[in-house]
Amino acid sequence: MNDTLLIALYAFAGAAATGLAGAAVLRVVRRRSLTASLAVVAAVGIVAMLAGTLAVAWAMFLSPHDLTVVTTVVAMAAVVSLATALLLGRWVVARSRELAVAARSFGDGGDFAAPDVPATAELEHLSRELAATSARLAESRERERALEASRRELVAWISHDLRTPLAGLRAMSEALEDGVAADPTRYLRQMRTEVERLNDMVGDLFELSRIHAGTLPLSYARISLYDLIGDALAGADPLAREYGVRLVGGHVEMLPVEVDAKEMSRVLGNLLVNAIRRTPADGTVAVAAERSPEGVVVSVTDGCGGIPDEDLSRVFDTGWRGTHARTPPAGAGLGLAIVRGIVEAHQGRATVRNIPGGCRFEVVLPAAAS
């Protein structure tokens, strides 16, 4: 074995021993500051060089003079390396602390603003991720505030809508009990009407709770959209006659869809009832269905005069009724929220936009497989 190979083996043995010791030290200080880890890494490099040099000298490949020279050079390199490692560590730690201070804004409900100072690529990437997370949290907080406001509004309106028929039922029942009702048959008919209103309201609340809980059962079946819309128009015709509104369904293509027929009938019924109640007498409510690149589009167009732009984004929110009136025609503000919930459960989407003289509700459903 030649001398070069022996020198390499002795140097490797000394450096390897130092490396193992350095790894053990790094494991001990892994929970401490980054500055300590960088100092250990720098020290391992210098000590490994010194250990290798000493091993070579012990094997008598270096003279005492050469060993003194090498040791002095290594010592000077150690001073510079440790100083550089400490400076670099303090700089990285300072940048990390600035990033941590900026991240505390999450807990205060604010937005994250990345420190405007140079940083390493890793810290810069972390800043971008924190900024993106901050934006998502801001959107979530905004949605939560909107939902909370919607819930409060819904509770207030539901409380009023429940109190009104209950008060009427109590008054009519007391009149019947005391025998002072002038027309008991009329009272009974009115009581039944109020009970049906209450039953419908409770049914809507139950349906909405299942939608929000993600437990709405769907029984998919292949059905013709033409037949589905035809049944919905027939069911809404009496209400349209009562309000003096014309129902038009002349632009309905015979398209197959795979949906829950019962739930989708409820969607169409809610849209038609909503359109009829907000269309003036002699107005027209038109239903259309056609294929589009996104799937199948079912639209209901009314003559309500349009929805204010600031309310368009709230139309499908729970409790929104588009009016401050607490009258029965205004409903409980659940119909359109149920529409959106059912449509989204079918992997579709519900939208609304203004058109001249009214607005157009659209339901986009996935097309049935051929």
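This is a predicted model: local features need pLDDT of at least 70, side-chain atom pairs count only at pLDDT 80 or more; totals for chains, interfaces and linings use all residues.
User: What is the phi of D282?
Analyst: Most residues other than glycine have a negative phi. D282 has a positive value and is a residue other than glycine. Its phi is near 70°.

User: Where does Q347 lie?
Analyst: Q347 is a residue other than glycine with a positive phi, near 65°. With a relative accessible area of 63%, Q347 is exposed. As for its place in the chain, Q347 lies in the loop between α8 and β6.

User: Thanks! How many helices and strands are there in the protein chain?
Analyst: The chain has 370 residues, and 33% of them count as buried. As for its secondary structure, the protein chain has 8 helices and 7 strands.

User: Why is the protein chain described as more spread out than a compact globule?
Analyst: Along the principal axes, its C-alpha atoms fill a box of roughly 125 × 55 × 35 Å. For 370 residues the globule rule gives 21 Å. The chain is more spread out than a compact globule because its radius of gyration is well over that value, at 38 Å.

User: How far are the C-alpha atoms of N199 and A11 separated?
Analyst: N199 lies in helix α5, residues 184-213, and is exposed, with a relative accessible area of 53%. Along the chain, N199 and A11 are 188 residues apart.

User: Which residues does A39 touch, not counting residues up to four places away in sequence?
Analyst: A39 is found in helix α2, residues 34-58, and is buried, with a relative accessible area of 18%. The C-alpha atoms of A39 and A83 are separated by 8.4 Å, although the two are 44 residues apart along the chain. Leaving out residues up to four places away, A39 touches L82, A85 and L86.

User: And A36, how does it count in terms of relative accessibility, and what is that value?
Analyst: A36 lies in helix α2. A36 counts as partly exposed, and its relative accessibility is 28%.

User: Which residue in β4 stands opposite R246?
Analyst: Strands of a sheet pair through backbone hydrogen bonds, either parallel or antiparallel. β2 and β4 (residues 284-292) pair in the parallel sense over 5 bridges. The residue of β4 opposite R246 is T284.

User: Which residues of β3 are on its covered face?
Analyst: Strand β3 (residues 256-259) pairs with β1 (residues 221-224) in the antiparallel sense over 4 bridges, and S224 stands opposite P256. In a regular strand the side chains alternate between the two faces of the sheet. In β3 the uncovered face has P256 and E258, while the covered face has V257 and V259.

User: At what angle do the axes of α7 and α8 cross?
Analyst: Two packed helices are described by the angle between their axes and the distance between the axes. The axes of α7 (residues 261-277) and α8 (residues 335-345) come within 9 Å, and the crossing is left-handed. The angle is roughly 145°.

User: How many nonpolar residues does the contact of α7 with α8 have?
Analyst: On the α7 side, the residues include V267 and L271, and on the α8 side they include I338 and V339. By class, the contact has 3 polar and 2 charged residues, and its nonpolar residues number 7.

Note on methods
Residues are numbered from 1 along each chain as its sequence is written. Side-chain values use heavy atoms; hydrogens and water are left out. Axes are lines fitted to C-alpha atoms, for helices over the stretch in contact, and angles run from 0 to 180 degrees between N-to-C directions. Helices (H or I, at least four residues) and strands (E, at least two) are DSSP runs, numbered from the N terminus. A crossing is left-handed if the near helix is turned anticlockwise from the far one by less than a right angle, and right-handed if clockwise. Contact means heavy atoms within 4.5 Å. Ala, Val, Leu, Ile, Met, Phe, Trp, Tyr, Cys and Pro count as nonpolar, Asp, Glu, Lys and Arg as charged, and the others, Gly among them, as polar. Two strands pair if DSSP finds at least two bridges between them. The radius of gyration is taken over C-alpha atoms; the globule rule is 2.2 Å times the number of residues to the power 0.38. Buried means under 20% relative accessible area, exposed over 50%, partly exposed in between (1.4 Å probe, protein chains only).
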